[in-house]
Every structure is written in structure tokens, then in C-alpha cells.
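Q: I'm new to reading structures, and I'd like a close look at one part: the place where the two protein chains meet. Could you walk me through it and then show me what lies around it?

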2 protein chains.
Amino acid sequence: MGLAGIKDVADRAGLSIATVSRALSGKANVSAKSRQLAKAAADELGFVPSYHASSLASGRNHNVGLVVPSIHRWYFSSVVEGVSGTLLDAGYDLTLYNVGDRPERRHSVLNDFLLRKRLDAVIAVALVLSESEIKQLLAIHRPIVGIGGALAGASTIRIDDARLARTATEHLLGLGHTRIAHITGDAELNQDFKLPGIRRAGFEAAMQAAGHAVRPEWVVSADFTIQGAYVCARNLLAAAAGRPTAVFAASDEMAIGAILAARDFGLRVPQDLSVIGMDGHELGEVFGLTTINQDARGQGALAARVLLETLDAGAKRPAKGTPPSAAATDREYPTEFLVRNSTAVPPA
Amino acid sequence: MGLAGIKDVADRAGLSIATVSRALSGKANVSAKSRQLAKAAADELGFVPSYHASSLASGRNHNVGLVVPSIHRWYFSSVVEGVSGTLLDAGYDLTLYNVGDRPERRHSVLNDFLLRKRLDAVIAVALVLSESEIKQLLAIHRPIVGIGGALAGASTIRIDDARLARTATEHLLGLGHTRIAHITGDAELNQDFKLPGIRRAGFEAAMQAAGHAVRPEWVVSADFTIQGAYVCARNLLAAAAGRPTAVFAASDEMAIGAILAARDFGLRVPQDLSVIGMDGHELGEVFGLTTINQDARGQGALAARVLLETLDAGAKRPAKGTPPSAAATDREYPTEFLVRNSTAVPPA
DNA sequence: TCCAGAAATGGAAGCGTTTACAGACTGCAG
DNA sequence: CTGCAGTCTGTAAACGCTTCCATTTCTGGA
């Protein structure tokens with residue numbers, strides 16, 4: 001009961017194992033009657049094929065690995081959600097590798113878990129892999145898709161962080177701000193995580209292009225959480241005299257932290273302080289946060305779809321001599337500039 | 001390269017397949033020299049055992065399924081993080097089933113994915129399973145652990161939601177509040193999700209025990225997010241006259257939504273309005289939120305440890321006739337009442 | 001030196017499927 | 001009536017490991 005094998009089904013249906021297998025997996029060349037018989041017997045016995053046996057025999061795993069640096073931050077949990085939904089709909093399993101910030105875990109995931117030939121493909125989120133790491137992954141002949149991180153040699157889905165950060169900064173500049181602070185991400189959080197640097201570069205580029213100096217004391221970093229940004233924004237805003245008139249935060253959560261800090265000082269947003277974020281966090285609405293909306297969930301879903309297509313098209317079983325996977329494509333995911341009311345002209 | 005089989009390793013090491021297998025999996029009765037030889041050859045060839053083959057042969061999957069209703073809400077992502085860390089450390093994979101609120105997905109996960117004999121065990125978070133569903137799962141002879149949800153017949157890890165909700169309410173009552181509102185969870189969000197009802201029952205019990213009527217218009221429901229609670233707290237606080245003096249929210253995120261709403265109305269917390277939450281969300285600190293701290297991450301880690309112990313102790317391969325899994329234990333996870341400064345005596 | 005017992009080894013039988021292959025059966029054109 | 005393409009079926013060979021069991025090689029005490 002519950003442990004019936006295909007043999008039991010075959011016996012019960014009065015068919016051979018092969019026919020039952022074909023019938024249940026929807027293959028051609030099975031008479032309607034046999035198919036019916038097999039299905040009925042399988043139902044009665046509660047038969048579910050053993051995935052290991054089936055994978056071993058067919059070379060297909062129906063399992064995709066997802067590597068994320070964290071699961072708490074908005075961006076990552078959104079991506080996971082998108083990937084998960086698409087995979088589940090396709091009958092695929094999702095194996096989650098929450099690498100976190102511990103380097104040894106990163107190492108074991110990359111050098112052990114991912115290589116166990118148990119995954120049809122790997123999706124890596126915001127993970128910067130070295131060339132040799134990518135080679136290693138491609139060596140097991142599995143497609144890789146990167147989201148939000150540059151993966152040389154693998155397909156990627158990303159937004160143009162540098163340009164968007166520039167756009168956000170230019171929005172503030174366009175309103176007349178010149179005293180602009182930037183909340184960036186912690187570098188030490190995860191050595192892999194290049195994104196904060198890219199966004200900051202966009203900020204700095206825009207400032208320089210407009211002829212404004214970037215004041216180092218106005219570039220502070222937090223851990224991408226509301227609470228983290230709150231603390232550092234308080235420091236930023238503490239000096240009543242030389243206070244910035246606008247803040248560009250590298251994520252919506254950090255922008256919200258800044259808004260909360262501003263409120264503590266009695267600063268009105270946007271009259272006294274403009275704040276712009278980046279992400280499209282649902283909570284931004286509550287704060288009327290101006291931001292750049294990126295559909296993280298959609299990015300995850302797209303990544304999964306891309307992989308599924310590759311898998312459907314691709315060779316059944318990675319052959320010993322096959323050249324590494326298909327052409328790497330780099331897609332830019334569409335974003336939307338969302339002007340709400342956390343930004344305005346600077347105070348007189 | 002990367003696709004070497006154990007046979008290749010054996011050839012290279014000049015040993016038999018059997019010895020190599022024993023050597024690499026750390027079994028006894030292998031000479032130091034052979035072990036060394038095998039390891040060296042495996043390294044050189046980049047050999048990683050095929051998980052399917054190894055699972056098929058050994059009956060061990062090194063893979064635990066985790067079923068969650070969502071991944072966005074604090075509680076769930078914290079649990080996932082806890083489970084993930086513990087499993088990764090033990091060399092286990094985590095297969096994530098993000099069921100969401102779509103019933104058909106719940107169905108396919110429960111009746112298809114989980115039964116594929118690919119999981120050594122299942123952890124279900126806040127999932128209320130029917131008896132037949134539990135039977136079905138136990139029928140495949142895999143241990144199940146429930147977190148935060150009652151699973152008759154399976155081991156569970158939970159907090160005493162009813163009592164804690166009572167405690168939270170009593171804290172407000174003890175301060176002198178009588179006009180207490182409650183923000184509960186959406187029932188329609190997920191039919192499985194009984195927790196909001198339990199917490200509400202605790203609230204109502206405390207109110208009644210203190211001889212105070214529960215005003216139906218002061219029991220409102222939101223979706224467990226800050227933004228959702230914000231909206232409904234605004235409605236709650238809109239009526240200047242008959243306004244509650246305290247709010248007990250069924251989660252910290254919702255309590256924070258209430259605090260934000262209060263600020264919009266110029267209400268000071270805690271002078272004009274006391275707010276108490278429940279969870280121990282990191283963000284609560286920023287708001288000085290009084291709450292009941294439950295270590296969701298720890299609960300996840302504990303669940304994983306319990307399972308791993310069961311698996312280590314348990315029979316290697318579920319036999320056809322074996323009685324369903326070990327004795328179901330029900331553990332209450334410790335919590336901590338965290339008084340910060342969002343609660344005070346009611347205004348005069 | 002010999003021998004019992006322990007330690008190490010290799011052969012081979014699974015594990016539960018999928019699928020190539022070949023055989024058996026249909027129906028239909030020649 | 002024969003032959004042939006087509007459809008359906010079953011046999012058996014993978015898939016790549018683990019592990020039982022029999023065999024060989026070491027031990028160290030007598």
C-alpha cells in the first residue's frame with residue numbers, strides 16, 4: 001500500500017512492465033484499452049513511480065537547483081516565488097540552496113551539492129561565479145541561468161542596474177537636488193554580491209555628469225533591510241546643518257528605513273527630504289515611495305521558463321563528449337519608473 | 001571530465017568498484033592505502049557519485065521536502081532559513097514546495113510531488129492536513145514533522161498560540177486597557193491556515209475572562225503584511241470618537257502596519273495608542289514594538305534536526321510491511337515576552 | 001611455523017524504472 | 001492469398017551505484 005512498484009501494476013493490469021510504463025508516461029503506441037487498464041491499476045494501487053529509478057533510467061531529473069544568497073530580502077524571496085511557481089506548474093521540483101553569507105557553505109554548495117548530477121539545471125541569483133566555477137558547472141552539462149548577476153558563459157536575466165541607478169539619481173538632480181546621499185549595500189555581506197557597487201557606480205556617474213561632487217560621508221552602507229538602513233540614515237540625518245536634501249537608496253527597503261529615520265527627526269518627506277528607492281517592494285506604496293519597479297517575481301518565472309525550454313529542446317542525457325550548453329543569451333528585463341510622492345523639489 | 005563514473009575511478013585506482021564505493025562513502029573495512037588511492041583517483045577525475053543511482057541502490061535520498069504556504073512572510077522565510085541551514089550542514093538537499101494560495105497547487109504537491117518517493121522526510125509549515133492526507137504521507141513510510149500547525153499523527157513543533165495571544169491581551173488589560181482592537185489574519189488567504197483563528201480565540205478568551213466585551217467592529221483582518229494591516233488599521237482608527245486605545249495584532253508585521261497608520265493620524269505610540277504584536281520580527285526593534293518573540297528560524301532548525309535524528313536512527317529502507325513512522329511527539333518551542341515601548345497605560 | 005579469526009577485497013545481485021529491439025498481430029493493397 | 005507497412009506488445013539490457021556474500025589476505029598468539 002503506497003509502495004507498489006510498476007511490477008505490481010503490471011501484474012494487476014495483466015500487462016507487461018514496459019507497456020505500463022509507456023501507458024503511464026503518456027507515450028505513443030499504446031492501445032486505448034491498455035492505457036486505461038494501466039491507469040486504473042495504478043490508481044487502485046496508489047502507484048507513484050520512483051523518481052530515482054525513473055531518473056536513472058531516463059536521464060531526466062525534473063529538478064532544478066536554485067542558489068540564492070538569502071531568502072529574507074524582498075528581491076530574493078520574490079525571485080524564489082517566481083521560479084517556484086513556474087517549476088511546480090511544469091511538474092518540476094525545486095531544490096533550494098540558501099547559501100547565506102558563510103563562505104564555506106558557498107563552497108560546499110558549489111563544489112558538492114550542485115555537482116551531484118541530480119539537477120537538470122541551475123539558476124543562480126545574484127551570484128558571481130568565477131570562470132572556473134562556471135566551467136565546473138558546465139562540465140556536468142547542465143544549463144545555468146543567472147539572475148541579477150553577471151555569469152560569463154551562462155545565460156542571464158538582469159536589469160541594467162548601472163543605468164537605472166543613474167536614472168534614479170538624475171530624477172533627483174532634475175528636481176534641483178545637489179545635496180544627494182546614497183545608501184548602498186554592505187560589501188562584506190557577501191563577496192559575491194556585486195550589485196551594490198554597480199548601483200553606486202551609477203549614482204556616482206550621474207552626480208559627476210551633473211558636475212556635483214560625491215561627498216564620501218554621504219555614501220553610507222547598510223544590509224538591505226529596513227532596520228539596517230534606518231540606523232545608518234539616522235546618522236546621516238543627525239547633523240542638522242550639513243544635511244542632504246535627498247537620498248537615493250539602493251533598495252526600497254533601505255529607502256523605507258530612510259523615510260522612517262527622517263520622520264524621527266521631524267523631517268517631512270518629500271518637503272524636507274526626497275527619498276527614492278529601487279525595486280518595487282509592495283510596502284513602497286504605503287510610503288508613497290518613488291522607485292524603479294523591477295518585477296523580481298517575473299524575473300524568476302522567466303528564468304524558469306527559459307530553462308524549461310532549453311531542457312525540452314536539449315538532448316536527453318548529457319553525453320560524455322557533448323560540448324557545453326547552448327548559446328548564452330543575456331536578456332534585460334523591463335522595468336518601470338514609478339513616480340509617487342516621496343520626491344519633490346528641494347526645500348528653499 | 002566531470003562525467004566519470006565509479007567504474008572509471010576503480011580502474012584508475014586499480015581497485016574494484018565495491019572497494020571504491022566503500023572508500024568514498026567512508027565505510028569501515030577499507031585499508032588506509034585503498035581509501036587514499038580511491039580518493040586520489042576520484043579527485044583527479046572529478047568524480048561525484050550519481051545521486052539517483054546511489055539513492056536507488058541505498059534507499060536513502062538525503063533530501064527533505066519542505067512545504068510552505070508562502071515564502072514572503074517573515075515567519076515562513078525564517079523557518080525556511082532555519083531548515084535550510086541545518087539540512088545543508090548535514091549534506092541534505094532541501095526541496096521547496098511553495099504551495100501558495102492556489103488550491104490546485106496544494107493538491108498537486110500533496111498528491112503528486114510528495115509521493116514520488118524522492119524525499120526522506122517532509123516538513124510541513126502551518127499546513128493543516130486532513131487525516132487521509134496524513135495517512136497518505138505516512139503510507140510512503142516517511143516521517144513528517146509539522147511546524148506551527150496541528151498534524152494529527154505526526155510530530156509537531158509549535159508554540160502555544162492560544163495561550164500566547166492570551167498573554168499578549170492580558171498585558172494590555174493589565175495596563176488598564178479595555179478598548180482593545182485585534183488585527184487578525186485573513187481566513188480566505190488559505191483555508192489551511194488556522195493560526196489566525198487560534199490567536200483570535202486567545203484574544204477573545206482573555207477579553208471575556210476580564211469581563212470586557214469584544215466589539216466585532218474592532219476585530220479586523222489583514223493579510224499578515226505591513227501594508228495590508230496599515231490599510232485596515234487606518235479604517236479602525238479613522239473614527240476619532242470611538243477609537244480603541246490598544247491594538248493587539250496577530251503578527252509583528254501587522255502591528256507595524258498599525259503603528260504606521262497611527263502615525264498618520266497623529267496618534268503617538270504608546271501614549272495615545274498601545275500596540276502589541278507577536279513574532280519577534282527584526283523590524284520590531286525599530287518601532288520599539290512590544291511583542292512575543294518566537295524564534296522561527298530556530299523552530300525550522302529544530303524540525304530539521306528532529307528529522308535527521310529520526311532518519312539516522314530509522315530503518316534504511318521503508319519495508320513493504322513496516323508500520324508507519326515512530327511515535328509522534330509534540331514539542332512546544334520556547335518563546336519570550338519582549339516588552340519594549342509600544343505599550344503603556346491608556347490615555348486619560 | 002601454523003592456524004584461527006579479523007580485515008580487506010572483488011564478484012555479482014539487486015534497486016525500479018525507461019527504452020531499444022524484436023516479435024506478433026492487424027488491415028489493406030497488390 | 002501473399003506481402004508489407006503499421007501498430008501494439010513483451011523481453012531484456014541498460015542506468016550507476018550499494019551491499020551481500022564468498023574469497024583472499026593479514027594479523028598475532030600458540
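**Where the chains meet**

A: Happy to! The contact is built from 41 residues of chain A and 41 residues of chain B. Keep in mind that this is a predicted model. On the chain A side, helix H4 (51-58), helix H5 (74-89), strand E2 (93-98) and helix H10 (226-238) each provide at least two of the residues that touch chain B. Sorted by class, that side of chain A holds 21 nonpolar, 11 polar and 9 charged residues.

Now look at how the two sides match. Of the interface residues of chain A, 100% are interface residues in chain B too, so the copies meet through the same surface.

Helix H4 of chain A contributes the most to the surface near DNA strand C, namely 5 residues. In total, 25 residues surround DNA strand C, and the closest are A:Ile6, A:Ala18, A:Ser21, A:Ala57 and B:Ser16. Two or more residues come from each of H2 and H4 of chain A, and likewise from helix H2 (17-24) and helix H4 (51-58) of chain B. By class, the surface near DNA strand C has 13 nonpolar, 11 polar and 1 charged residues.

A:Ile6, one of the residues closest to DNA strand C, also leads us to helix H1 (residues 6-13) of chain A, where A:Ile6, A:Val9, A:Ala10 and A:Ala13 are buried. Viewed down the helix axis, the buried residues of H1(A) lie within an arc of 100 degrees, so they line one face of the helix. Their packing partners are helix H2 (17-24) and helix H3 (32-45) of chain A.

Finally, step back to see chain A as a whole. Chain A contains 12 helices and 12 strands, and 51% of its 348 residues are buried. Its C-alpha trace spans about 90 × 40 × 30 Å along the principal axes. The radius of gyration of chain A is 26 Å, whereas a compact globule of 348 residues would have one near 20 Å. Among contacts in chain A between residues at least 6 apart in sequence, 71% link residues at least 24 apart.

Key: Residues are numbered from 1 along each chain as its sequence is written. Chains are lettered from A and ligands numbered from 1 in the order in which they are written. This is a predicted model: local features need pLDDT of at least 70, side-chain atom pairs count only at pLDDT 80 or more; totals for chains, interfaces and linings use all residues. Two residues are in contact if their C-beta atoms, placed from the backbone, lie within 7 Å. Helices (H or I, at least four residues) and strands (E, at least two) are DSSP runs, numbered from the N terminus. Ala, Val, Leu, Ile, Met, Phe, Trp, Tyr, Cys and Pro count as nonpolar, Asp, Glu, Lys and Arg as charged, and the others, Gly among them, as polar. A residue is buried if 20 or more other C-beta atoms lie within 10 Å of its own, exposed if 12 or fewer, and partly exposed in between; C-beta atoms are placed from the backbone. The arc is that of the directions from the helix axis to the C-beta atoms. The radius of gyration is taken over C-alpha atoms; the globule rule is 2.2 Å times the number of residues to the power 0.38. A residue is near a molecule or strand if its C-beta atom, placed from the backbone, lies within 6 Å of it.
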